[in-house]
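Please find below a short note on the structure under review.

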Amino acid sequence: MILFSFFSNFYIYAYTLTPAPPNDDCDNAAEIILGDGICGTQANVNTLGATASNNTPPPACDAAGTDDDVWYKFTSAENRPVRFEINNPNFSSNNSGITVQVYEGTCGVFTPASCNSFAGYICCPGVFSFQINTTAATEYFLRVFTTEND
């Protein structure tokens with residue numbers, strides 16, 4: 001004899017998904033204002049709700065994780081190095097996989113300038129940094145994403 005059991009009581013949960021951030025694609029990249037020897041613009045980065053960018057060259061590192069990228073841009077005023085610091089307050093013993101691909105050019109016509117992966121990076125609690133050499137009057141785009149699906 002075979003007995004079948006069916007659940008007659010169940011719940012359905014419905015909720016809204018996090019909308020994409022305004023800088024979810026290159027055309028709406030948020031402007032970064034560079035400081036001169038001091039901190040410039042502080043950008044609060046969140047990839048929740050972000051989607052993958054189309055028609056963008058794959059990053060030079062962690063290319064499999066570009067499902068949630070957000071964009072920032074700046075124009076260098078002179079030939080000089082620019083340092084970026086990323087403070088990840090959710091850092092514990094291992095980084096969640098923040099990657100920053102830097103491009104030169106314009107949306108859709110990029111030249112990769114630098115790729116910086118902090119996946120598995122263990123150092124100073126939650127602080128990651130990198131530096132690039134910039135050229136005057138050149139526009140740079142930062143594509144920030146995590147290597148995890150979120």
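The points below cover the sheet and then the aromatic residues.

1. The model is predicted, with local features needing pLDDT of at least 70, side-chain atom pairs counting only at pLDDT 80 or more, and totals for chains, interfaces and linings using all residues. Residues are numbered from 1 along each chain as its sequence is written, and side-chain values use heavy atoms, leaving out hydrogens and water.

2. An open sheet of mixed pairing is built from five strands, ordered S1-S2-S7-S4-S5. Strands (E, at least two residues) are DSSP runs numbered from the N terminus, and two of them pair if DSSP finds at least two bridges between them. S1 (30-31) and S5 (109-117) are the edge strands; each has a single partner strand, so one side of each lacks a neighbour in the sheet.

3. S1 and S2 (residues 70-75) run parallel and are joined by two bridges. Glu31 stands opposite Lys73 in S2.

4. Seven aromatic pairs are found in the whole structure. Rings of Phe, Tyr and Trp (its six-membered ring) pair if their centres lie within 6.5 Å; planes under 30 degrees apart count as stacked, over 60 as edge-to-face and the rest as tilted. The pair of Trp71 and Tyr103 is stacked, because the ring centres are 6.0 Å apart and the planes are at 20°. Trp71 belongs to strand S2 and Tyr103 to strand S4 (residues 98-106), 32 residues apart.

5. Phe110 and Phe141 form an edge-to-face pair, with 5.4 Å centre to centre and 65° between the planes. Phe110 lies in S5 and Phe141 in S7 (residues 139-146), so the pair ties together parts 31 residues apart in sequence.

6. Trp71, Tyr103, Phe110 and Phe141 form one aromatic cluster. Trp71 is buried at 0% relative accessible area, and Tyr103 is buried at 0% as well. Phe110 and Phe141 are also buried (under 20% relative accessible area, with a 1.4 Å probe and protein chains only).

How values were computed:
Helices (H or I, at least four residues) and strands (E, at least two) are DSSP runs, numbered from the N terminus. Buried means under 20% relative accessible area, exposed over 50%, partly exposed in between (1.4 Å probe, protein chains only).
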